Amino acid sequence: MRNTVYWSAMDDATELLTAMYRAMRAHFGHQHWWPGDSPLEICLGAILTQNTNWTNVEKAVANLLAAGCMSVPVLDEMPADVLAKLIRPAGYFNVKARRVKHFIARVRQAGCDGVEAFLARPAADLRADLLSVNGIGPETADSIILYAAGKPSFVIDAYTCRICRRHGLIGPRDGYETVKAFFERSLPRRAALWNDYHAQLVAVGKHFCRPRPHCEGCPLECFEHDECVC
DNA sequence: GACCAGGCACATC
DNA sequence: GATGTGCATGGT
């Protein structure tokens with residue numbers, strides 16, 4: 001279903017995605033993502049937020065900060081069960097403790113005592129390396145590259161897929177890499193834009209494009225010829 | 001009590 | 001290759 005007035009009137013996806021961004025940005029304002037005071041905090045947040053509400057992640061991150069654990073060497077030395085207790089509010093704490101340990105181990109294998117040095121590589125190399133770490137999938141890897149490293153790698157999440165699917169921008173069976181390629185070839189290759197674009201889509205997803213839609217007031221409502229599908 | 005939240009790995013078919 | 005399941009807390 002490709003049912004937007006804008007889409008049919010526009011000769012390419014760039015115009016459509018740009019118009020969508022303007023509408024979302026006007027509604028929500030700049031989102032100033034990613035929440036986090038350091039690259040390491042952003043990396044850990046990306047792992048801890050997997051399938052979890054962000055407010056729970058904040059509690060886990062606060063525990064790590066209060067315990068003085070926000071450093072690569074400390075996390076590397078820490079037993080997984082101790083780490084699990086600290087990140088318990090984020091849910092899946094045993095699984096996520098192992099995933100954090102795997103990530104930290106990779107950083108140290110690369111000869112780095114901090115994530116800044118680990119992240120200072122071309123995005124493609126970094127992505128391949130991250131994807132080889134057990135517990136880091138495409139979304140987590142792209143979140144780390146975009147938000148912690150500040151390099152252009154568009155993040156696709158459940159909200160993005162749902163919004164794009166409902167608005168007819170992607171097919172019902174399009175997978176992560178297909179959707180990612182659609183955004184990356186259609187938008188100017190600027191990390192700052194991709195950063196806030198994804199944040200805007202999450203804002204739409206949180207407020208409107210839920211499993212049970214609530215379209216009233218959605219900034220993307222104008223992209224439908226009859227009514228919003230969010 | 002049910003549903004949902006900024007996934008991923010692994011087993012099975 | 002596609003689909004199903006386990007992982008777990010906390011807010012609504």
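The following legends describe close-up views of a predicted model that contains chain A and DNA strand C.

**Figure 1. Overall fold of chain A.** Chain A comprises 13 helices and 0 strands. Along the principal axes, the C-alpha trace of chain A spans about 55 × 35 × 30 Å. Of the 230 residues in chain A, 35% are buried. Among contacts in chain A with a separation of 6 or more, 61% join residues 24 or more positions apart.**Figure 2. The two domains of chain A and their contact.** Chain A is divided into domain 1 (5-30 + 154-223) and domain 2 (39-148). Taken over C-alpha atoms, the centres of domain 1 and domain 2 are separated by 27 Å. At the contact, 8 residues of domain 1 meet 6 residues of domain 2. Helix H13 (residues 191-207) gives the most to the side of domain 1 that touches domain 2, contributing 3 residues. By class, this side of domain 1 holds 6 nonpolar, 1 polar and 1 charged residues.

**Figure 2. The largest nonpolar core.** The largest nonpolar core contains 62 residues, of which Cys-43, Ile-144, Val-204 and Cys-230 touch the most other members. Both domain 1 (5-30 + 154-223) and domain 2 (39-148) give residues to this core, so the core lies between them. In soluble globular proteins, nonpolar side chains tend to be buried together.

**Figure 3. Surroundings of Ile-144.** Ile-144 is one of the residues that touch the most other members of the largest nonpolar core. When residues up to four places away in sequence are not counted, Ile-144 touches Cys-43, Ala-46, Leu-130 and Ala-149. Cys-43, one of these partners, is likewise among the core residues that touch the most other members.

**Figure 4. The surface near DNA strand C.** DNA strand C is surrounded by Asn-51, Thr-52, Asn-53, Thr-55, Asn-56, Arg-88, Pro-89, Gly-91, Tyr-92, Phe-93, Asn-94 and Val-95. Helix H4 (54-66) and helix H7 (93-109) are the elements that give two or more residues to this surface. Helix H7 gives the most, with 3 residues. By class, the surface near DNA strand C has 7 polar, 4 nonpolar and 1 charged residues.

Definitions and conventions
Residues are numbered from 1 along each chain as its sequence is written. Chains are lettered from A and ligands numbered from 1 in the order in which they are written. This is a predicted model: local features need pLDDT of at least 70, side-chain atom pairs count only at pLDDT 80 or more; totals for chains, interfaces and linings use all residues. A residue is near a molecule or strand if its C-beta atom, placed from the backbone, lies within 6 Å of it. Helices (H or I, at least four residues) and strands (E, at least two) are DSSP runs, numbered from the N terminus. Ala, Val, Leu, Ile, Met, Phe, Trp, Tyr, Cys and Pro count as nonpolar, Asp, Glu, Lys and Arg as charged, and the others, Gly among them, as polar. A nonpolar core is a set of buried Ala, Val, Leu, Ile, Met, Phe, Trp, Tyr and Cys residues joined through C-beta atoms within 7 Å. A residue is buried if 20 or more other C-beta atoms lie within 10 Å of its own, exposed if 12 or fewer, and partly exposed in between; C-beta atoms are placed from the backbone. Domain bounds come from an automatic or database domain assignment. Two residues are in contact if their C-beta atoms, placed from the backbone, lie within 7 Å.
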